[in-house]
Amino acid sequence: MHTNQLLYISKADVAAVGVTMADVIEALEVAFREKGEGRVEMPPKPGIHPGGGDNFIHAMPAYIPALASAGLKWVSGFPENQQRGLPYITGLVILNDPETGLPISVMDCVWITAMRTGAATAVAARYLARPESSVAGMLGCGVQGRSNIEALSHLFPLETVMAYDVDAAAARRYAEEMVARTGLEVIVVSTPREAVTDCDIVVTAGPILKTPHQTIQAGWLDAGAFASLVDFDSYWHPDALLEADKFCTDDVPQLRHYQEVGYFQEIPPVHAGLGELATGKKPGRETPAERTMTANLGLAMDDMAVAPLVYRRAVEKGMGTWLPL
């Protein structure tokens, strides 16, 4: 342990250290079980909103004793960045030594955020989707569109992805890349409904909006399907959400916090948090015909489950840059 230094791990190095999606899913499964047993410390994330609109910068602290992980993600989401040729999501993770409190690493958060968000969808799907699910609908073909399908393909016999994006060129690029990367059949569709109806698993991953655009209507989601709302309820009409037999979230207190500040104004009653599903305290899918949903808000705990994996691999491989404290 370098007591007077911290390891800076760049965006390129974080992606190159060799942590796999399977590693990330496994770490999140442990974290959610620990959460379900009440052994994770994670206050709801406070945020600031420079420039107003849907811009945010959030502070996301968490401590997971079982993973010897303590730290914080400082993450921003600025929807207009796409017009500037900049990423929507940017930020840093700070990892601390849980025994001394000393900061031991600062790392870029973009790769971690993408991977853990996809992994959280897959962990939820493990409890809520039909195990034989083979067709996924993906609405929003950006970073999350890629990582969510990658994660789901680890746990389900996926064959086909119906891909929709408001930007048709983005959907075409997505299809080319994902076919090469995953070997799945990726069909670009021209209407949102084609990425919902006849799909076993539906993921919505557009920008997070306080006022949902309510594109997905009642009657679109098939009986027996599972939906992961990566972009809050931005894509969904309230009547479509109310068709859910089980509406879950990764963190109930945080969902309530978001409702207080104006999000999630018309959603069904919450059936369970993912920690309750992971520990068996609440049932997941119970019949093949149930419509199930999770609105995963993205938890500090997810990032803090992955950051130590990245840090340890970087140290082992001599990657990153040591900086004096």
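Which element gives the largest share of the lining of the second largest pocket? The tour of this predicted model begins there.

**First stop: the pocket.** Select Asp23, Glu26, Ala27, Val30, Leu67, Ala305, Pro308, Leu309, Arg312 and Arg313, the residues that line the second largest pocket. The space inside this pocket is about 170 Å³. Two or more lining residues come from each of helix 2 and helix 9 (300–317). Helix 9 is the answer to the opening question, for it supplies the largest share of the lining, 5 residues. Colour the selection by residue class: the lining holds 6 nonpolar, no polar and 4 charged residues.

**Second stop: two packed helices.** Two packed helices are described by the angle between their axes and the distance between the axes. To see the contact, select Met21, Ala22 and Ile25 on helix 2, together with Ser147, Glu150, Ala151, His154 and Leu155 on helix 4. By class, this contact of helix 2 with helix 4 comprises 5 nonpolar, 2 polar and 1 charged residues.

The model contains 16 salt bridges by the rule applied here. One of them can be shown by selecting Lys281 and Glu37, whose closest N and O atoms are 3.5 Å apart. This pair links distant parts of the chain, 244 residues apart. Lys281 belongs to the loop between helix 8 (274–278) and strand 14 (292–295), whereas Glu37 belongs to the loop between helix 2 and strand 2 (47–48).

Conventions:
Residues are numbered from 1 along each chain as its sequence is written. This is a predicted model: local features need pLDDT of at least 70, side-chain atom pairs count only at pLDDT 80 or more; totals for chains, interfaces and linings use all residues. Side-chain values use heavy atoms; hydrogens and water are left out. Contact means heavy atoms within 4.5 Å. Helices (H or I, at least four residues) and strands (E, at least two) are DSSP runs, numbered from the N terminus. Ala, Val, Leu, Ile, Met, Phe, Trp, Tyr, Cys and Pro count as nonpolar, Asp, Glu, Lys and Arg as charged, and the others, Gly among them, as polar. On a 1 Å grid over the protein atoms alone, a cavity is a set of points where a 1.4 Å probe fits but cannot get out, and a pocket is an open set with protein on both sides within 12 Å along at least five of seven lines; lining residues have an atom within 4 Å of a point. Grid points are joined across faces, edges and corners, and a volume is the space filled by probe spheres set on the points. A salt bridge is a side-chain nitrogen of Lys or Arg within 4 Å of a carboxyl oxygen of Asp or Glu.
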